[in-house]
Amino acid sequence: MNYILYGSQYIAIRRHLTKVLKECVKEPDDFNTIKIDYSESSIDEIISEASMMPLGYDTKAVVVDNATFLTKEGKDEEKQKLLECIKGNPDEINCIFILRSDKLDKNGEIAKYIDSVHGVFEFLDLTKEQWPEYVRKYFKKREVEIEPDAVHELVARVDGDLTRFVNEADKLCLYKDKITLSDVLLMVAKPLEDDAFQMSNALFKGDNALAISIYRDLKMLGAKATDALIPMLATQFRFIAQVCYLDNRGLDKPQIAKELGVSEGRVYMAMKNSRYLSRRQIAHALDDLYNLDAQIKSGQIDRSYGLELFLINFPN
């Protein structure tokens, strides 16, 4: 079997490569899985390895990274030699070509042959408009139905992260064969940025209890979520400080939005929240977060205890 994995989402490519290797050789190791980097090797070396029958194993896999010969710039004579090789290969030999860009020559003979016989998988950065259709196709291939409002909520929650989408989608496919909005709300966590935004809003409105409740829910997601919380809160406070500064200079909402490269809605929320605290208090909160981060990293204070203390005492 032969595969092409290509695109700019290399993390997603690596994840799918792991899955393909398990299908091809069951338990990949250094003997049944040969890895070749085309940027450091020749096409003849690839053909030689791809033509050699496995020794001591039922099957073998040849993984060719940086397979730039699959682009339009690749040499025709190299492509032809490789095509003849993979067409003549027995089922015991699996070739997997990785191209770390979106420049695959889809009309090339190798890509057309592999796509018709086995599989070409793309892992590209998707635009906001492309995401819903990509999600629908992904679930359709797995014979799972997903409702339109569930599609939009899932797109919002994975926030453009293709690797996270694949993880969450696979989890949903195992859960049910018809996915509803309530399933997505139950099974897929919101982006951390949303929680940081809600937490900062609660703090500005004086609802420290709500901010602590949000933080404790985040702790259930593990250390990765809470580790990123301090810089995200600092970003929220810093943004409000910038909005206050530009507002005091006499700029209106559209002008501030243009200056900061954000939506007017976000500027409106920042201006609304800025009424609850002075610029001095916002600056003091930023200093507290900076000092807290330094204390945590130096081991002077426990992260969980320090963050809860900050939330309880805000503003101090």
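A cavity is a set of points, on a 1 Å grid over the protein atoms alone, where a 1.4 Å probe fits but cannot get out; a pocket is an open set with protein on both sides within 12 Å along at least five of seven lines, and lining residues have an atom within 4 Å of a point. Grid points are joined across faces, edges and corners, and a volume is the space filled by probe spheres set on the points.

The model is predicted, with pLDDT of at least 70 needed for local features and 80 or more for side-chain atom pairs, while totals for chains, interfaces and linings use all residues. Numbering runs from 1 along each chain as its sequence is written, and side-chain values use heavy atoms, without hydrogens and water.

There are two cavities of 30 Å³ or more. Phe 197, Gln 236 and Arg 266 are among the residues lining the largest cavity. Helices H9 (192–204), H12 (229–248) and H14 (264–274) each give two or more residues to this lining; helices (H or I, at least four residues) and strands (E, at least two) are DSSP runs numbered from the N terminus.

The largest pocket is lined by 26 residues, with Val 120, Phe 121, Glu 122, Tyr 134 and Lys 141 nearest its centre. Strand S5 (119–122) and helix H5 (131–141) are among the elements that supply at least two residues each.

| Site | Volume | Largest contributor |
|---|---|---|
| Largest pocket | about 760 Å³ | H5, five residues |
| Largest cavity | about 50 Å³ | H14, four residues |
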